[in-house]
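Let's take a guided walk through this assembly. Have the sequence and the 3D view open side by side, and follow along as we go.

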Amino acid sequence: MTAPAETATGVSTVDDALVTVEGLKVHFPIKRGVILDRTVGYVYAVDGIDLSVRRGETYGLVGESGCGKSTFGRALLKLTPPTAGKVVFDGVDLSSLKGEPLRKMRRRIQMIFQDPLSSLDPRQSVESILVEGLRAHDLDKGKAETSKRLRELLTSVGLPSTALRKYPHEFSGGQRQRIGIARALTVEPDLIVADEPVSALDVSVQAQVVNLLEDLQEQLGLTYLVIAHDLAVVRHISDRVGVMYLGGLVEEAGSDTLYADPLHPYTRALLSAVPVPDPLLEDRRERILLAGDLPSPANPPTGCRFHTRCPWRQAKRCDTERPVLREIAPGHKVACHYAEDIKAGRIRAHEVEPILVQADDGISPDTALTGPASVTEVLGP
Amino acid sequence: QSQRDPGNQGGKTGGTLTFGAEGKPKLFDPFYATDGATFRISRQVFEGLVGFKPGSAEAGPELATKWESSTDGKSWTFTLKQGVKFHDGTDFNAEAACFNFNRWYNQKGAGQSSSVSEYWVDNFGGFADGAKPSLFKSCTVKDAQNIVVELTGASSKFPDVLGLPSFSMQSPTAMQKYNADNVVAQGESFIFPEYAMKQPTGTGPFKFVNYDTTNNLIELGRFDGYHGDKAKLDKLNFKVIADETARKQALQSGDIDGYDYPAPADWAKLKTDGFQVVPRDAFNVMYLGITQKNNAKLQDFRVRKAISMAINREQLVKSQLPETATVATQFMPKIVQGYNPNVKPIEYSPEKAKALLAEAGASNLEVNFWWPSEVTRPYMPNPQDIFGAIAADLRNVGIKLNVVTKPWNGGYLTEIDQAKADLFLLGWTGDQSAAANWIGTFFGNAENRFYTKSSPWGEDLAKRLDAADVTADKAQREKLYQELNRQIVEEYLPAVPLSHSPPAFVLKKDVKNLTPSPLTAEEFSPVTKG
Amino acid sequence: MPSKTKIDDLASSTAETQVDTGVSLAASAWRRLRRNPVFLTGAVIILLFVLIALLAPLLAPHDPAARLLADQVIKARNEIPAVQPGHILGGDLQGRDFFSRLLVGSQQTLLVGVLATLIGLIGGLIMGTLAGALGGWVDSLVMRAVDVMLSIPSLLLAVSIGLLFTQANQFTVILAVAIVQIPIFARLLRGSMLAQRHSDHVLAARALGVKPAAIVFRHMLPNSLGPVIVQSTLVLAVAIIDAAALSFLGLGNPDDNIPEWGQMLGGSQTVIDSHPGLAFWPAGCIVVVALGFTLMGESLRDALDPKNRR
Amino acid sequence: MLRYTVRRLLQLVLVVGVLSLLLFAWLRSLPGGPVSALLGERGTEESRRELTALLGLDQPIYVQYFKFLGRALSGDFGTSLGVQPGTTAVDLFLERFPATLELSFCAIVLAIAAGIPLGYLAARRRGRWFDNAGVIGSLIGVAVPVFFLAFVLKHIFAVELQWLPSAGRQDDISATRVTGFYVFDGIITGEWDAVWNSLEHLILPSIALATIPFAVIFRITRAAVLDVLDEDYVRTAESKGLTAQVVRRRHVLRNAMLPVVTTIGLQTGALLAGAVLTEKVFSFPGLGEALALGFERRDYPVLQVLIIVAAMVYVFVNLLVDLSYALIDPRVRTR
Amino acid sequence: MALLEVRDLSVVFQRHGEEPFAAVDGVSFDVAPGQTVGLVGESGCGKSVTSLAIMGLLPKRGAKVGGSVKFEDTELLSLSDKQMRDRRGRDLGMVFQDPLSSLNPVIPIGIQVTEVLERHRGMPRKQAMGEAKDLLDKVGIPDPTRRLTEYPHQLSGGMRQRALIAMALACRPRLLIADEPTTALDVTIQAQILALLKELVQDTETALIMITHDLGVVAGLCDEVNVLYGGRVVERGRRHELFATPKHPYTHGLLASIPRLDAPRGEKLVPIRGSVADNIPWTHACAFAPRCPNALDTCVEVTPAMESEADRLLRCHNPVQQEVSA
Ligand SMILES: Nc1ncnc2c1ncn2[C@@H]1O[C@H](COP(=O)(O)OP(=O)(O)OP(=O)(O)O)[C@@H](O)[C@H]1O
Ligand SMILES: Nc1ncnc2c1ncn2[C@@H]1O[C@H](COP(=O)(O)OP(=O)(O)OP(=O)(O)O)[C@@H](O)[C@H]1O
Ligand SMILES: [Mg+2]
Ligand SMILES: [Mg+2]
Ligand code: NI
């Protein structure tokens with residue numbers, strides 16, 4: 001990682017925070033009903049997250065599939081309305097913004113998506129994809145200027161200027177992701193939320209994009225919130241890392257600290273599960289195998305969300321009391337009642353019986369059970 | 001496929017005849033009916049005091065053997081045939097006859113609606129409650145053999161009108177048993193009593209057996225207690241097939257033994273295929289209606305004359321109508337009393353028509369021309385083609401047409417009667433051979449569909465038609481009507497008479513003795529098959 | 001050190017071939033279509049009929065309304081003008097040149113098909129866009145309306161709409177046929193619009209701060225159009241058949257001076273046994289045109305189907 | 001599942017309610033009406049007015065509607081005016097429905113019997129001449145107007161060749177009526193000639209009616225089988241070394257049938273409600289013919305009942321399809 | 001004696017009106033009983049096609065398979081369809097990448113497991129059910145009796161993959177091919193599945209072909225690793241050697257381009273330039289040449305041959321020289 005951000009590690013001052021999130025919750029209502037839909041429950045996709053991202057740093061968010069990472073990212077941009085909580089961006093409370101001011105504000109926070117193809121409108125040429133952002137924020141100053149700007153952008157993401165007239169499907173995955181990045185850059189944002197920016201890419205191409213992101217940060221002084229499930233990537237790219245489990249943050253630390261000294265049982269298990277391309281290490285490694293699957297966010301366990309799979313689970317308290325994220329060491333926060341005890345070896349890991357996790361496909365009662373709904377639709381394929 | 005009955009192998013008598021009819025009977029009590037489909041059945045099941053001579057429109061004795069009237073034409077004595085029995089075994093006698101008259105006269109509630117007891121209202125006017133004047137006054141039993149019918153005035157129609165199926169004699173016992181008069185208007189429909197739906201009981205050669213509504217089959221059976229020559233057939237079925245082509249195909253595939261109203265275009269082919277195509281005498285008229293209400297130019301006789309001269313009626317009849325169809329010189333066919341053989345025929349001359357139009361200052365005449373869809377009528381087998389031919393002729397003399405079509409029941413009739421069209425196609429099938437039933441109906445009221453009221457002669461014509469109708473003397477009446485006929489065509493021309501098209505029926509080769517009747521009142525009792 | 005030039009050349013040359021021109025999805029679909037015999041057959045058929053329709057006044061040997069052979073029509077003897085010099089298909093029931101009518105009839109039929117589809121499409125687009133873009137109660141309302149409309153058999157609906165007009169003409173037929181198609185388009189469009197609403201590129205556009213209207217019209221709508229376009233080609237066929245059925249049932253243009261195939265077919269019913277040509281020619285034309293559109297529509301569908309993309 | 005069913009049924013009620021109101025208003029706003037149908041050219045302005053008043057058709061539409069509702073709630077949906085005068089609309093429906101059901105059933109059976117195997121074969125022989133011929137044939141099937149096909153069939157087989165009857169449901173053989181389903185009646189009473197006779201009458205109309213469902217089922221089957229053949233689980237089944245038969249039956253066909261079942265249901269629904277032209281051409285005394293006639297005669301009571309019930313049947317069949325889908329697709333069932 | 005000998009396997013896809021395309025182009029390797037062999041490479045390099053070719057699961061039309069695949073002296077490629085069906089599931093088992101789409105959605109798990117037993121071991125349904133329950137239990141599915149009657153969508157991702165493995169192992173095949181069995185799963189679940197596979201292989205002496213693009217997975221599991229590029233094996237070695245001294249620039253590049261958890265942070269990644277799309281055909285060149293940092297002129301003129309040195313096989317004109325690393 002680049003040097004300047006490195007120094008910030010461990011020193012948490014609120015002053016230099018670009019974005020601060022407090023108690024952010026996103027609950028998706030589950031609607032069922034006979035005549036009118038009633039809300040019968042919620043998917044607790046994001047369930048109370050506090051964090052702040054400092055200017056110029058890269059904050060990494062990891063967690064297993066379905067733990068609410070993407071939802072968090074979207075809620076941060078107000079693309080999904082948060083149920084509760086506050087997002088303060090550069091001193092402005094986003095939750096109070098609506099309509100035009102919000103739209104204006106969007107210029108400063110951009111997003112990069114996981115699937116580079118589906119996030120690009122297949123019917124628009126690269127040029128119009130890029131120009132769109134400029135237009136939306138009146139940055140489109142004359143033909144010549146714009147075209148110069150587009151060329152610059154393309155160069156900075158490593159694409160030839162001939163790409164302008166092409167369409168997304170004509171590019172390889174890595175190139176598409178570059179277009180996505182260029183699109184985010186058009187409006188000169190301060191913060192970029194990257195939702196799994198490299199997960200869909202080939203291993204050999206991943207590195208190109210990771211490097212590109214790092215280079216751009218260096219050149220443009222960007223702030224990143226990088227969401228990923230690949231711990232190695234996150235650790236590499238981030239200054240600080242937050243680990244999510246089932247809608248909540250379980251641990252947050254500088255990325256070296258986190259790897260060297262994971263405190264939360266989940267983080268430990270996660271780290272031990274990541275395969276490393278080094279046979280020697282692999283042979284040596286002690287694995288913490290978690291039992292069972294991630295519980296459904298529609299029906300999260302009581303108390304500590306992780307207690308159903310936790311090898312260090314202790315009777316009573318873990319089941320009933322939800323641990324808060326607390327700072328154990330400077331800049332190292334963890335949400336575990338027994339973090340110190342585990343670290344000190346006072347509590348031993350034990351066997352865990354896997355618990356049945358019923359998959360939930362979440363079809364709403366309004367979707368017709370069958371596919372086509374009319375004869376002409378049937379004439380379809 | 002229908003000859004499952006083993007009893008019909010080649011025999012002269014017996015067997016089942018299935019005849020394809022074009023419409024479903026509304027019900028089986030002819031008094032409440034106006035539709036040909038009901039009457040076709042009535043004519044086999046019922047008889048009236050008066051009947052029509054087979055093959056003609058001339059009235060003659062049926063259940064009454066003779067009748068006499070007082071000189072003022074108000075009192076009529078009918079002598080009844082003896083030994084006549086209804087299908088339910090009860091006797092037909094003077095009481096029964098008067099019972100029928102009184103039943104008609106004493107209709108209540110919905111039964112008084114002109115749409116329910118239409119023929120009564122049309123011909124006799126009001127009912128016993130006296131709300132409207134009635135032609136009928138009373139019926140008294142003189143003795144077992146004679147009854148006296150008193151009228152309130154003379155009428156050209158009486159007593160021939162009693163030959164209409166509506167005024168057939170029905171069994172008092174059966175009518176009382178099955179509540180024959182219990183007609184109710186409920187919601188947007190009428191509910192008829194069981195008598196009318198399932199229990200018609202008359203004196204005719206056939207008796208009603210069953211109506212299979214699912215298969216559209218009406219089954220009649222020979223009435224063995226018939227007073228005259230008994231029916232030759234064991235069974236007579238009427239199969240209702242609404243679609244003309246379907247009827248033809250049913251005949252060709254052997255499902256039926258004959259059918260009514262073959263399309264004129266099929267006549268030749270049917271004949272070459274070995275079927276008998278039997279045309280009736282024309283008893284209808286098709287005319288091109290002209291409404292004077294909305295288009296002032298049409299109030300000008302010269303314009304109407306020009307329209308009539310523009311139409312090549314000869315060619316229209318030759319090309320679009322059945323072989324035996326004729327060009328109409330007036331608004332009624334030959335066999336109607338009062339027909340005037342000396343009416344000057346309308347000439348076909350586009351040039352003169354143009355000149356006339358110019359003379360009337362209507363060279364650029366523009367009219368709405370209506371024709372009906374979803375219908376064929378005996379006088380108008382294919383409205384579209386007939387319209388097409390006339391339209392072409394009219395355009396030919398420089399008349400501009402705005403064409404409007406409406407379904408027959410989808411507004412055509414209603415709006416024609418509201419005088420919305422300028423030119424329209426329509427016609428009439430007569431009920432009886434009294435001129436009042438023809439020109440009387442057309443022009444007897446000046447606020448008619450032609451809106452003759454707009455012309456100075458309109459009201460006068462209506463009055464004179466009324467006067468002719470109540471003239472008791474037959475010969476004089478005929479004279480009056482002849483003159484009216486001439487005037488209407490030569491001097492008024494409220495519409496253009498076009499043609500008389502004789503409707504036909506088709507039979508298989510081996511079906512014999514079905515005499516065509518101009519009134520479509522064919523009797524099936526002498527018919528044999530095989 | 002190895003000389004890299006050669007390899008760079010190679011790399012850039014492979015890159016070059018890819019880069020020169022932009023190929024949109026539509027363009028690449030078109031490339032595939034051009035080689036598809038099914039599509040070509042359909043296109044040739046349609047092109048041919050469009051040409052005929054455009055040139056009909058020039059091609060037709062006679063005035064389709066002129067009753068040149070009126071004296072040869074004798075319905076009673078089932079005689080209609082036979083094939084004769086100058087009248088290669090003879091005359092119709094009113095003595096008009098049948099061939100001319102057949103040619104000129106293509107105008108009405110195509111006009112009805114195209115206009116009805118257009119109107120249906122536009123109506124459906126408006127309803128579908130409203131429902132898909134706004135969601136919520138607008139969506140529910142529109143969709144319930146669509147449900148009601150779809151629960152009546154389409155021909156019946158068209159017939160009854162046709163009946164509603166006080167004065168029938170070819171435009172009432174067009175309107176009747178078009179209205180029936182609206183719910184189908186609306187439903188189709190709404191479905192894909194809803195899918196678009198949650199798609200990543202719409203999310204991206206929102207994140208970019210693109211105005212809502214622009215999102216609907218630049219992103220959601222264009223991307224939902226694929227199935228709609230396919231549907232419209234198929235609807236063209238359906239519209240032609242439906243319009244023919246309406247004319248066949250006598251709800252068409254009452255003035256038969258303007259020939260139309262459905263009407264010609266309906267009018268010839270009474271003589272179909274003896275003069276089958278009068279029915280078969282127009283019916284054949286209807287079938288072929290409908291088939292042409294169907295072939296085009298189906299191959300279009302295949303071409304636009306992402307599954308068939310290499 | 002249950003909740004879903006109830007919800008859909010309630011939706012059905014809603015649709016029917018709205019539909020009945022719209023239909024009621026709409027029918028009455030059509031030009032003409034039963035009055036003119038009853039009186040014909042004999043009618044005059046005056047007699048029309050009188051009859052209109054007698055039938056209550058001069059009242060405001062909402063009054064008529066509420067009166068209608070009132071009567072409907074007591075089971076009186078009116079009596080036919082023109083289609084089958086004197087028969088109540090409900091009786092008429094009950095009488096006509098079996099005919100249409102019988103016809104639709106035959107048609108759909110034909111369409112299934114031909115569509116599924118041919119569609120399956122076409123998919124297996126993808127791209128070969130059989131497949132291409134099938135696809136083009138099915139497209140032609142969609143492009144030919146049904147009424148025209150019906151006409152041609154009738155002309156050839158009933159008129160020219162005289163192999164089959166041209167109209168109706170049964171000849172005038174005195175067959176016993178039990179259920180109103182003639183074929184079924186014949187079977188239970190053992191009157192085999194009646195069975196055969198009814199079947200003969202069903203052949204041509206059901207062929208005409210079957211073309212579109214056939215084309216649709218063929219195409220759906222073909223597409224579904226092609227889709228399923230590409231599915232990972234078919235590869236898994238193959239990787240388990242199952243016999244070709246088991247793979248085909250249990251894994252390919254069973255999954256491919258899911259969309260096909262939907263299609264069949266929707267097509268059946270459409271047939272039940274939409275056989276108007278075919279029934280008209282064959283004078284087949286079913287709902288469609290009654291509908292056509294009802295329109296011609298402006299028979300309000302009949303139209304009201306038939307259209308609403310046809311719509312109900314259509315929506316209901318769709319519901320059944322949805323539910324039956326759940327029976328074969330566990331993903332939906334366990335919701 | 002190897003259980004499976006793959007020699008010069010090639011698969012050419014020939015689509016109507018298109019250039020023939022060699023997805024696999026002369027792949028050879030051996031698998032011994034109890035051994036785990038890895039096939040790694042980027043997406044599209046031919047891993048899956050290789051495994052499908054071995055299983056005889058490639059489409060009959062459009063795919064031409066050449067070379068030889070010997071399973072215990074039987075030439076699999078020349079077996080008839082029926083004979084091959086007898087082998088599949090009994091001698092050769094396979095686990096696929098996407099556990100959800102690889103299970104038939106409308107058939108209960110139980111039937112999907114028992115149908116193999118019925119087919120190859122002739123068990124009656126009832127007995128097979130008992131066996132299936134044991135199998136599910138063995139692969140670590142909790143409450144197996146209940147799961148037998150459930151449908152795939154009712155299981156979580158990890159459970160589905162376990163069920164798929166149970167199916168593949170039902171008849172104790174001697175060779176198991178796992179095609180990216182963990183790619184669709186989360187790391188914690190991946191660890192469970194990998195542990196399970198490892199245990200099963202050890203317990204039953206089953207030979208395993210592990211296909212993955214994740215070098216980390218290979219590093220922990222395989223005895224021998226084949227690196228594929230553009231349909232050919234470009235490097236093969238025992239895992240310790242291969243990871244310690246990657247010789248092919250591609251292998252080397254791959255290792256350098258992935259961030260490692262154990263490496264010190266702050267080092268910049270060294271990506272391989274370009275992407276698979278830049279490949280050139282092997283015919284007269286090295287397919288990797290356009291992306292290769294070590295490329296020579298010969299690389300685009302001569303196809304490199306497979307050369308062996310010691311336990312290593314390498315297809316490269318200009319291998320990476322190992323700088324001594326700390
Ligand atoms: N619009 C929505 N409505 C209802 N539930 C939703 C919605 N979006 C997401 N969820 C649910 O919220 C939970 C969190 O989803 P999210 O996409 O944030 O997870 P994630 O951590 O990004 O997972 P992945 O790694 O798979 O992308 C999931 O259970 C998901 O099903
Ligand atoms: N049925 C087929 N027809 C034509 N080409 C095919 C077919 N199956 C695979 N290919 C092509 O063969 C090449 C190799 O595919 P393969 O599936 O073996 O890649 P892979 O290494 O398994 O990749 P991934 O990691 O994405 O699974 C690809 O370029 C693919 O497009
Ligand atoms: Mg996500
Ligand atoms: Mg693969
Ligand atoms: Ni870095």
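Is Ala419(B) buried or exposed? Ala419(B) counts as buried, because its relative accessibility is 4%, where the cut-off for buried is under 20%. Please keep in mind that this is a predicted model. You will find Ala419(B) in the loop between α12 (408–417) and β21 (423–429) of chain B. Its backbone deserves a look too: phi of Ala419(B) is near 60°, a positive value in a residue other than glycine.

Leu493(B) is not a glycine, and still has a positive phi of about 50°. Leu493(B) sits in the loop between α15 and β22 (495–500) of chain B, and its relative accessible area is 0%, so Leu493(B) is buried. One further backbone detail is the peptide bond from Phe158(B) to Pro159(B), which is cis, with omega near 5°. For Pro159(B), look in the loop between β8 (146–151) and β9 (168–169) of chain B.

Which of its residues are buried? They are Arg477(B), Tyr481(B), Leu484(B), Asn485(B), Gln487(B), Ile488(B), Val489(B) and Tyr492(B). Their cover includes three other helices of chain B, namely α8 (301–310), α13 (439–443) and α14 (458–469).

In soluble globular proteins, nonpolar side chains tend to be buried together. Here the largest nonpolar core holds 183 residues, and those touching the most other members are Leu49(B), Phe78(B), Ile147(B), Leu162(B), Ile307(B) and Leu425(B). The element that gives the most to this core is helix α14 (residues 300–328) of chain D, with twelve residues. To see the packing around one member, select Ile307(B): leaving aside residues up to four places away in sequence, Ile307(B) touches Leu288(B), Leu298(B), Leu365(B), Leu394(B), Ile399(B), Leu423(B) and Val496(B). Apart from this core lies another, of 102 residues, and Val6(E), Met94(E), Ala128(E) and Tyr229(E) are among them.

Chain D itself has 15 helices and zero strands. Its C-alpha trace spans about 85 × 55 × 40 Å along its principal axes. Of the 335 residues in chain D, 62% are buried. Among contacts in chain D with a separation of 6 or more, 72% join residues 24 or more positions apart.

Next, turn to the place where chain D meets chain E. The contact draws 30 residues from chain E and 26 residues from chain D. About 2,400 Å² is buried between the two chains, and carbon and sulfur atoms give 52% of that area. On the chain E side, Arg85(E), Val106(E) and Glu115(E) lose the most area to chain D, together 25% of what that side buries. Four salt bridges are counted between chain E and chain D. In one salt bridge, the side chains of Arg250(D) and Glu115(E) meet at 2.4 Å, N to O. The largest share of the side of chain E that touches chain D comes from α3(E), with six residues.

Our last stop is the contact between chain E and chain A, which takes 54 residues from chain E and 54 residues from chain A. Together these chains bury about 4,400 Å², 57% of it on carbon and sulfur atoms. Thr188(E), Leu261(E) and Arg265(E) supply 21% of the area that chain E buries against chain A, more than any other three residues. The count of salt bridges between chain E and chain A is four. Lys268(E) forms a salt bridge with Asp215(A), with the closest N and O atoms 2.7 Å apart. Finally, α7(E) gives the most to the side of chain E that touches chain A, with seven residues.

Definitions and conventions
Residues numbered from 1 in each chain as written. Chains lettered and ligands numbered in written order. Predicted model: local features only at pLDDT ≥ 70, side-chain atom pairs only at ≥ 80, totals over all residues. Heavy atoms only, no water. Buried < 20%, exposed > 50% of the residue type's maximum accessible area, 1.4 Å probe, protein only. Helix = DSSP H or I, 4+ residues; strand = E, 2+ residues; numbered from the N terminus. Contact = heavy atoms within 4.5 Å. Core = buried A, V, L, I, M, F, W, Y, C linked by side-chain atoms within 4.5 Å. Buried area = accessible area lost by both parts, 1.4 Å probe.
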